[in-house]
Amino acid sequence: KDLCCYSSPEVEAPYVSEEEKQRLLELYRYLHSRAHNSSRPLKNIYLPGPRENLLAWVSGAFELYVCYSPLGTKAAVLSAVSKLMKWIRREEERLFILTPQTY
């Protein structure tokens, strides 16, 4: 995590109102605080809910936070995240700045 890059898609329905956007941000903050809790940090968090299911995956190299439909299964999400990680690894030189620029 020496070089920090942040990426997020555009927020879409059902998170169109300011209240819903704020609620989603609070869910991400909760996942982040659980993942980085000083007394008991967690590397993987799966949080099913009535409106959405959430997944956090924290490693030494990256942090991934995912929000998806409450109708999706944990197995389907893990499969999709695995495919996403393979794609990111394949494209990481194009997606991220891997070496700091010197001027």
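How many nonpolar, polar and charged residues does the lining of the largest pocket have, by class? I began my notebook with that one, and the ground rules come before the count.

**Ground rules.** I am working on a predicted model, so local features need pLDDT of at least 70 and side-chain atom pairs count only at pLDDT 80 or more, while totals for chains, interfaces and linings use all residues. Residues are numbered from 1 along each chain as its sequence is written, and side-chain values use heavy atoms, with hydrogens and water left out.

**Pocket.** I found 30 nonpolar, four polar and eleven charged residues in the lining of the largest pocket. Here Ala, Val, Leu, Ile, Met, Phe, Trp, Tyr, Cys and Pro count as nonpolar, Asp, Glu, Lys and Arg as charged, and the others, Gly among them, as polar. A pocket is an open set of points on a 1 Å grid over the protein atoms alone, where a 1.4 Å probe fits, with protein on both sides within 12 Å along at least five of seven lines; lining residues have an atom within 4 Å of a point. Of the 45 lining residues, I noted Ser7, Ser8, Glu63, Leu64 and Tyr65 as nearest the centre. Helix H1 (18-35), E3 and helix H2 (74-95) are the elements giving two or more residues to this lining, and H2 gives the most, with ten. Helices (H or I, at least four residues) and strands (E, at least two) are DSSP runs, numbered from the N terminus.

**Strands.** Next I followed E2. Strand E1 (residues 44-47) runs antiparallel to E2, joined by four bridges, and Leu47 has Leu54 as its bridge partner. On the other pairing, E2 meets strand E3 (residues 63-68) antiparallel over six bridges, with Leu55 opposite Val66. Strands pair if DSSP finds at least two bridges between them. Both pairings are hairpins: five residues lie between E1 and E2, and four between E2 and E3.

Why is strand E2 largely enclosed by the rest of the structure? Because five of its six residues (53-58) are buried, meaning under 20% relative accessible area with a 1.4 Å probe, protein chains only.

**Cores.** I then looked up the largest nonpolar core, a set of nine residues including Leu55, Val66, Val77 and Ile88. Such a core joins buried Ala, Val, Leu, Ile, Met, Phe, Trp, Tyr and Cys residues through side-chain atoms within 4.5 Å. H2 gives the most to this core, with four residues. Apart from it lies another core, of eight residues, among them Leu31, Leu42, Leu54 and Ala56.

Terms used: Buried < 20%, exposed > 50% of the residue type's maximum accessible area, 1.4 Å probe, protein only.
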